[in-house]
Amino acid sequence: MLVKELIEELQSLNPEARVVVRGYEGGLEDVENCKEVYLDLNVNSVWYYGKHEETLDHKNNPAVLLG
């Protein structure tokens with residue numbers, strides 16, 4: 001999902017709604033921050049890792065990390 005797609009989705013929702021992410025083993029956690037990161041895409045194939053990895057190379061694939 002791109003930031004512009006997320007903005008479009010969010011505009012259709014209640015602006016007073018809480019933003020959450022899934023907890024590590026269950027439950028839900030508040031999003032406390034967001035920051036720009038850069039990714040190496042599709043570098044992990046093992047199911048228990050996310051597909052992408054963060055990189056320090058600021059020329060690659062900008063992304064927004066919610067935490």
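Student: Leaving aside neighbours within four places in sequence, which residues is threonine 55 in contact with?

Tutor: In this predicted model, threonine 55 is in contact with Tyr38, Leu39, Asp40 and Asn60, its neighbours within four places in sequence being left aside. Threonine 55 itself is found in strand S4.

Student: Why is threonine 55 counted as buried?

Tutor: Its relative accessibility is 13%. Buried means under 20%, so threonine 55 counts as buried.

Student: What makes the approach between the side chain of threonine 55 and the backbone nitrogen of aspartate 57 a matter of interest?

Tutor: A polar atom of the threonine 55 side chain lies 3.1 Å from that backbone nitrogen.

Student: What joins S3 to S5?

Tutor: These strands run antiparallel and are joined by 5 bridges. Lysine 35 stands opposite leucine 65 in S5.

Student: Why do strands S4 and S5 stand at the edges?

Tutor: The open sheet has the order S4-S3-S5. Strand S4 (53-55) and strand S5 (62-66) each have a single partner strand, so one side of each is left without a neighbour in the sheet. Direction ignored, neighbouring strands of this sheet are turned by 65 degrees against each other on average.

Definitions and conventions. Residues are numbered from 1 along each chain as its sequence is written. This is a predicted model: local features need pLDDT of at least 70, side-chain atom pairs count only at pLDDT 80 or more; totals for chains, interfaces and linings use all residues. Side-chain values use heavy atoms; hydrogens and water are left out. Two strands pair if DSSP finds at least two bridges between them. Helices (H or I, at least four residues) and strands (E, at least two) are DSSP runs, numbered from the N terminus. Axes are lines fitted to C-alpha atoms, for helices over the stretch in contact, and angles run from 0 to 180 degrees between N-to-C directions. Buried means under 20% relative accessible area, exposed over 50%, partly exposed in between (1.4 Å probe, protein chains only). A polar contact is a pair of N or O atoms within 3.5 Å; within protein, one must be able to donate a hydrogen and the other to accept it, and residues adjacent in sequence count only if both atoms are side-chain atoms. Contact means heavy atoms within 4.5 Å.
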